[in-house]
Amino acid sequence: MRRIILISAILIFSLAYIILSNNNSSPQNKDNRIFTVIIDAGHGGKDPGTTGLSGIYEKNIVLPIALKLKNNLAKEYDDMKIVLTRDKDEFIELKQRGKIANSENGNLFVSIHCNARKSEENDKSGFEIYLLDLNRVDEAKSITLEENKFIAFNEKIDSAYITQNKILASIYQQAYLGYSERFSTMIETEMIKGTSLPSRGHFQAGFWVLLSASMPTLLVECGYLSNKTDEEYLKSDKGQEEIAKSIFKAIRYFKMDYDFENSLME
Ligand SMILES: [Zn+2]
């Protein structure tokens with residue numbers, strides 16, 4: 001029995017070592033000169049996301065924010081690779097979004113969403129920033145989280161997929177949690193300064209879209225479409241531009257921080 005435990009431990013540590021040493025997005029990788037940002041506009045196509053008071057769909061608000069964010073980054077950086085998981089009204093499976101991020105060797109993954117209060121809740125307003133909580137991934141299987149809801153109808157994410165990705169994610173979490181936490185503080189600071197939305201704070205949840213991306217990851221719920229003031233702001237070009245600009249500024253700080261740390265390792 002003891003030998004089996006020992007062999008299992010060796011296998012797990014070997015797997016962790018192989019994955020981390022082969023991963024181009026690892027903060028320790030000196031050869032990784034291109035900073036790659038993955039921008040994930042939530043939902044799309046047959047998955048509308050949540051619906052606002054006026055009938056607008058979440059998918060049609062998060063896409064222009066993602067495109068504006070890309071434009072801001074492209075204007076500032078000639079050498080940055082910017083990848084959108086979708087750039088039009090198209091359905092992309094959640095697990096596919098993580099695969100895109102990994103195959104592009106992303107250094108940072110930002111998923112953009114809008115929220116809606118549940119029917120039993122009072123009116124809510126403001127933005128929220130989410131980090132992945134692995135302990136709550138299984139809980140999410142019961143479809144308690146709104147952002148995972150659509151999977152039930154459209155994707156077959158089986159237990160094997162979740163178990164496998166939880167093991168990988170638990171390894172990456174060790175390496176990237178500090179980065180994700182720092183980035184979440186930068187986004188919150190910039191959104192408080194640059195938008196009219198109040199901050200509702202930082203949270204952790206079992207969002208499946210964050211599970212398979214092997215890099216620092218965050219999900220931003222930009223505001224509540226169930227709140228009149230938030231919805232008007234989120235629908236407006238000004239609101240979308242201000243949110244995109246705030247996330248852009250946070251990425252700029254994140255990159256400075258990231259580049260500085262990596263330069264110390266050279
Ligand atoms: Zn959403």
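Predicted model: local features only at pLDDT ≥ 70, side-chain atom pairs only at ≥ 80, totals over all residues.
Residues are numbered from 1 along each chain as its sequence is written, and side-chain values use heavy atoms, with hydrogens and water left out.

**Whole chain.** Start with a cartoon view. Tracing from the N terminus, the order is α-β-α-β-α-β-β-α-α-β-β-α-α. Of the 266 residues, 50% are buried, meaning under 20% relative accessible area with a 1.4 Å probe, protein chains only. Take the contacts (heavy atoms within 4.5 Å) between residues at least 6 apart in sequence: 84% of them join residues at least 24 apart.

**The sheet.** Now select the strands. All six make one open, mixed sheet, ordered β2-β1-β3-β6-β4-β5. At the edges, pairing on one side only, sit β2 (81–84) and β5 (199–205). From one strand to the next, the twist averages 20°. Pairing here takes at least two DSSP bridges between two strands.

**Strand β3.** Next, pick residues 108–115, which are β3. How many of the residues of β3 are buried? Eight of the eight are, so the strand is largely enclosed by the rest of the structure. Show side chains: L108, V110, I112 and C114 lie on one side, F109, S111, H113 and N115 on the other, and both sets are buried.

Look for F109 opposite T217, then for H113, whose bridge partner in β6 is E221. Bring in β1 too: β1 and β3 are also parallel, with five bridges. F109 turns up again here, as the bridge partner of I38.

**Helices on the sheet.** Finally, select residues 59–76. This is helix α2, lying across β1 (36–41), β2, β3 and β6 at about 160° to β1. Then select 94–103: helix α3 packs on the sheet, touches β1, β2 and β3, and makes about 165° with the direction of β1. These angles run from 0 to 180 degrees between N-to-C directions, using axes fitted to C-alpha atoms, for helices over the stretch in contact.

Notes: Helix = DSSP H or I, 4+ residues; strand = E, 2+ residues; numbered from the N terminus.
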